Amino acid sequence: MGELFRHLLLAFEEAEQAEKEGTYPIGAVIADGRGQIVSRGRNRVFSEGDCTAHAEVDAIRGAGSLLISMSARRIVPNEYTLYSTCEPCPMCACTILMSGIKRVVWAANDDRVGAIRRMKQGPHFIERFDTITYVAAPYLELENRQRAMMAKWCTSRGLPEDEWKPLTVGVANARSWT
Ligand SMILES: [Zn+2]
């Protein structure tokens, strides 16, 4: 089992905990350049009543000053990778940008709210987003695991779950962009 897969599984542990707590089933972990996990986060929007408490933001907050140079008082590019069960939204994409994290891996694409792919295509802060690399939905099995959790979550709230139907082929081939 590769590192990508193992770290995504850890993010899923967090997503399952978030699900138990009655909020979006999304989890995230941050690994350093040697692959050691330095922080874990999960969605806490409805468990803590905080609309900014997304899994990625939670993990970045947990990593604290590890991600920045306190002595130089600068946000400097670092060797950390953020793993999330779902493609980061605009808020999380910008938080990633401001944290100096340069690599993001996610289990499931989010074609509605997911932002990193779109921000890398658009004009805004593109010279900064250009420095972020990502791996989108490398494992169909994990993509569908997240999609099933999101569908269940939507149903539990009385919302349509159409956008989270399982994928069968194609879209989830290993992809990474720089
Ligand atoms: Zn988010």
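Q: Which residues does isoleucine 68 touch, not counting residues up to four places away in sequence?
A: The model is predicted, so local features need pLDDT of at least 70 and side-chain atom pairs count only at pLDDT 80 or more, while totals for chains, interfaces and linings use all residues. Residues are numbered from 1 along each chain as its sequence is written. Two residues are in contact if their C-beta atoms, placed from the backbone, lie within 7 Å. With residues up to four places away in sequence left out, isoleucine 68 touches Ile75 and Gly100.

Q: Is isoleucine 68 buried, partly exposed or exposed?
A: Isoleucine 68 sits in the loop between α3 (55–63) and β3, where helices (H or I, at least four residues) and strands (E, at least two) are DSSP runs numbered from the N terminus. A residue is buried if 20 or more other C-beta atoms, placed from the backbone, lie within 10 Å of its own, exposed if 12 or fewer do, and partly exposed in between. Because isoleucine 68 has 17 C-beta neighbours inside 10 Å, it counts as partly exposed.

Q: How many helices and strands does the chain have?
A: Reading from the N terminus on, the elements run α-β-β-α-α-β-α-β-α-α-β-α-β. The secondary structure of the chain therefore comes, with runs assigned by DSSP, to seven helices and six strands.

Q: What radius of gyration does the chain have?
A: The C-alpha trace spans about 50 × 35 × 35 Å along its principal axes. The radius of gyration is taken over C-alpha atoms, and the globule rule is 2.2 Å times the number of residues to the power 0.38. For 178 residues that rule gives a value near 16 Å for a compact globule, and this agrees with the chain, which has 15 Å.

Q: How far apart are the end C-alpha atoms of helix α1?
A: The expected span of a helix is 1.5 Å times one less than its number of residues. Helix α1 (residues 3–20) has 18 residues, so it should span 26 Å, and this agrees with the distance between its end C-alpha atoms, 26 Å.

Q: Within what arc do the buried residues of α1 fall?
A: The buried residues of α1 are Leu4, His7, Leu8, Ala11, Phe12, Glu14, Ala15, Ala18 and Glu19. Seen down the helix axis, they line one face of α1, because the arc, taken from the directions from the axis to the C-beta atoms, is 165°.

Q: Which residues are exposed on the other side of α1?
A: The buried residues of α1, including Leu4 and Glu19, have already been listed. Opposite them, on the other side of α1, the exposed residues are Glu3 and Lys20.

Q: Which residues does valine 104 touch, not counting residues up to four places away in sequence?
A: Valine 104 is one of the residues with the most contacts inside the largest nonpolar core. Not counting residues up to four places away in sequence, it touches Leu82, Pro88, Ile96, Ile116, Ile132 and Tyr134.

Q: Against which elements do the buried residues of α7 pack?
A: Helix α7 has 17 residues and reaches 24 Å from its first C-alpha to its last, close to the 24 Å expected. Its buried residues include Leu142, Met149, Met150 and Trp153. The buried residues of α7 pack against α1, β3 (81–86) and β4 (103–108).

Q: Is alanine 137 buried or exposed?
A: Alanine 137 lies in the loop between β5 (133–136) and α7 (140–156), and its phi is near 50°, a positive value in a residue other than glycine. Most residues other than glycine have a negative phi. With 24 other C-beta atoms within 10 Å, alanine 137 is buried.

Q: Is phenylalanine 125 buried or exposed?
A: Phenylalanine 125 is found in the loop between α5 (116–121) and α6 (126–129), and it has a positive phi of about 55° although it is not a glycine. With 12 other C-beta atoms within 10 Å, phenylalanine 125 is exposed.

Methods: Core = buried A, V, L, I, M, F, W, Y, C linked by C-beta atoms within 7 Å.
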